[in-house]
Amino acid sequence: MKSCLALFSGERSRLSSAPRRRPALTLAWLGALVCTLLACAAQAAPTCYRYGGAWENNIPNKLYLYFPTAADASFPNYPQSCGTPVSPAQPFNVSDLDSGIGTTGQLRNGVFDVVTDAYCEFNVQVRQSTANPDAFFIPDPRRNVVAVGSDSGGCFGVAQNYSNQIDLGDTHPADHARVWGGSYPTGCGAATEGALEGGNSTLTRWANAIGSTSAHEAGHNYGLQHGDDSFIHTGEDNRFHHIMPSATLPGESAPVPDCTFRASPRHFSDTTFSILAHNIGLVSQTMGNWDFVNPNAGSATQLRMEVLSTAASLTLTYWWNGVWSPWSAPSVSGVIGTTTFQGTVYNRFHVTWNAGKAWEARNNPGTAQTPGLVPSGATFHIGAEFNGSHYYDPDPYIIREVVLLNGGTTLPLQPRMAGYDNGSLDMSSGDFIMRFFSFDSPLILKDLTIHELPRKITLDSMQFGMEMKTWDGQPVIPWRTTKLGDFSVTKDGIRIPVRNLFQEGHNVFIVHGRDNPKDASQGGAEENPDTPGSISVDLFPSTTVYVTATVIDPSVHYKDPKTGEDKVAESLLFYQFAGKRERRPLTGQVKGLIRLKVACTDLTTRQSLAADMSENLWDCTSAGLSASVGDSINVIVKGVFNGEQNAAGELPLQGTVEGMKVQKVVCTNLTTRASANANLDEAGNWNCQVDKFSVKAGDSINVIAKGVIN
Ligand SMILES: [Zn+2]
């Protein structure tokens, strides 16, 4: 299953001059392409359950572990507080640390595994490279480059510095960090002397120490700060097991965590996980588990589910492979047609389970069943996890029907499942609303319960009697659990308001520059200073929403195989989906141009669209832009200068942008090829009337405004 996508075999020497870059880079890319599956599997082995699919190359966020083989002075020398310059980035050699633990390649892979596992659930692809990723022929636009050397410095590592602040809100698409592997173990301090020495000097412990520091610095570049980990949410483990808590609290001495913890596996806390999910997105957005019964007198050999989605394709990232399932991995069709439901056109997909495997019926545990064959009255369990084409604004998925077949023949009775969506956030009312439907006769939703979770739980956890756990076994305590009760669901459907953003706010809402934050579920106060980058929030209503219910079809009866009693068909629903980002409005106006066209690009989400126009007013929000706090935006204005003068005899070519902090506006006269920075004020008013930039009637004009949503 695992393919070679995360190793960039590098050049032996650093690429020091520009003319030599291109051929060397071509080699770096080729190196990635020719790396064989076998060689790759032998080199890196993260335990992250979703690692290795070719689809991961489509993930926009790239986290590069850059292990130089020679000093690299081209690495940006941003200011730091460690007393050691971050550039040149120095080479990484295991012999500088302890040559007895393995080869340099083995330690590189160990560090790669640790960082890949730390970011397993996020919309991030971790890669390793011995060439500088900034110098690639086509550098990744959203890249987080962590240069890892085996030299020592005044810190274990340091993230990129923006006016003495880290990249709060992740407003910078490309940033850098430096890790000094040689700072271990001397920087560990007397208290944990020996954590990486003697018998404790092992490849695994060194990989944990250097890998978790690399994940930490990369975390800063995605908007995390130390104070985010100064407390723990109810039920969490010791904060020293977390990746970000380097702020020393009263009574503690540096380093925090100490090196005993650093040499052991660490993971993101509930709070930092939630902020990352908002800033960079989750990699899986829709996860379903279902218990069904075969209500027919005859056996079933396959189950086919029809899924409606606005996405162009459906990618299966994971499936449930436990003992109660008669089948192994389901197959997913392409688009088999479209259907309009409640005013929206959806693509139709079939997800089919029919490859038999050993299993037991839930209502007859301990007895092996025929692989792939579900007898009359037997209950079974299946599950699947899908990844969307939009990581930040997940495509809706609606389960329309579940059909049991024997061979190619549809059976007369079907286990019913309610249709449901993955919620939507109405930014005018602040309501987060889930919808449930019946596509046939009315259904009863019994014991509908909604859990708002700080982090994603596994498919395995999504069953009755199972503890909620992360993929790496951490217990998950919900922010909140709400028992909503029983509902009757018809074709018209029901709308269930789960939470209101304006009244109830976020579970994680951190105002920077204040005291250490508190657990919001324990009553932390909220306020919104509306300054870009000054707050960190989670998704709404939470990182993921986990829904459980019993779905009853009063019209379908079957005979219990054991007792012979007449029963009403019940299915169990276990459903988890990613929360939503708040949509912020982005609008503006332009004066002086005719044939005006405006386009907005959200560089964070990579969503790009043409604005709705009304005279000289433009609106990217009404056109469908789903931008959230902290997103980096480009607004591109094109048109032909009308040459009209105002009363003062000036030629106005100006405009405004509302909804973002405008950082820079560049005016270009495409006719004369002249270009200049516009005058810009605090309110986002821009004006192209500046020195050495002239326009006359009929000239083609291009204006680009860059900024951050606030
Ligand atoms: Zn730090």
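Where is the place of Pro255? Pro255 sits in the loop between helix 4 and helix 5 (259-262).

## Basis of the model

This is a predicted model, in which local features need pLDDT of at least 70 and side-chain atom pairs count only at pLDDT 80 or more, while totals for chains, interfaces and linings use all residues. Residues are numbered from 1 along each chain as its sequence is written.

## Overall composition

The protein contains seven helices and 39 strands; helices (H or I, at least four residues) and strands (E, at least two) are DSSP runs, numbered from the N terminus. Of its 710 residues, 47% are buried. A residue is buried if 20 or more other C-beta atoms lie within 10 Å of its own, exposed if 12 or fewer, and partly exposed in between, with C-beta atoms placed from the backbone.

Among contacts between residues at least 6 apart in sequence, 75% join residues at least 24 apart. Two residues are in contact if their C-beta atoms, placed from the backbone, lie within 7 Å.

## Helix packing

Helix 3 (residues 104-118) packs against helix 4 (residues 203-221) at an angle of about 50°, with the axes 8 Å apart. Axes are lines fitted to C-alpha atoms, for helices over the stretch in contact, and angles run from 0 to 180 degrees between N-to-C directions. Helix 3 is therefore oblique to helix 4, given that angles under 35 degrees count as roughly parallel, over 145 as roughly antiparallel, 65 to 115 as roughly perpendicular and the rest as oblique. Residues making this contact include Leu107, Gly110 and Val114 of helix 3 and Trp206, Ala207 and Ile210 of helix 4.

All eleven residues of helix 6 (residues 270-280) are buried, so this helix is largely enclosed by the rest of the structure. Among them are Asp270, Phe273, His278 and Ile280. The buried residues of helix 6 pack against strand 2 (61-66), strand 3 (124-129), helix 4, strand 25 (535-537) and strand 26 (540-559). Gly281, which follows helix 6, has a positive phi near 90°.

## Strand pairing

Two strands pair if DSSP finds at least two bridges between them. Strand 20 (residues 431-437) is joined to strand 18 (residues 419-420) by two bridges, the two running antiparallel, and Tyr420 stands opposite Phe436. Strand 19 (residues 424-425) also pairs with strand 20 in the antiparallel sense, over two bridges. Five residues lie between the strands of this hairpin, where Gly430 takes a positive phi near 85°.

An open sheet of six strands has the order 31-32-28-34-38-37, with antiparallel pairing. Strand 31 (612-614) and strand 37 (679-680) stand at the edges with a single partner strand each, so one side of each lacks a neighbour in the sheet.

## Backbone particulars

The peptide bond from Ala254 to Pro255 is cis, with omega near -5°. The bond from Val256 to Pro257 is cis, with omega near -5°, and Pro257 is placed in the loop between helix 4 and helix 5.

Arg595, in strand 29 (residues 593-602), has a positive phi of about 50° although it is not a glycine. Arg595 counts as exposed, with 9 C-beta neighbours inside 10 Å. Lys692, in the loop between strand 38 (685-687) and strand 39 (700-709), has a positive phi near 60°. Lys692 is exposed, with 7 other C-beta atoms within 10 Å.
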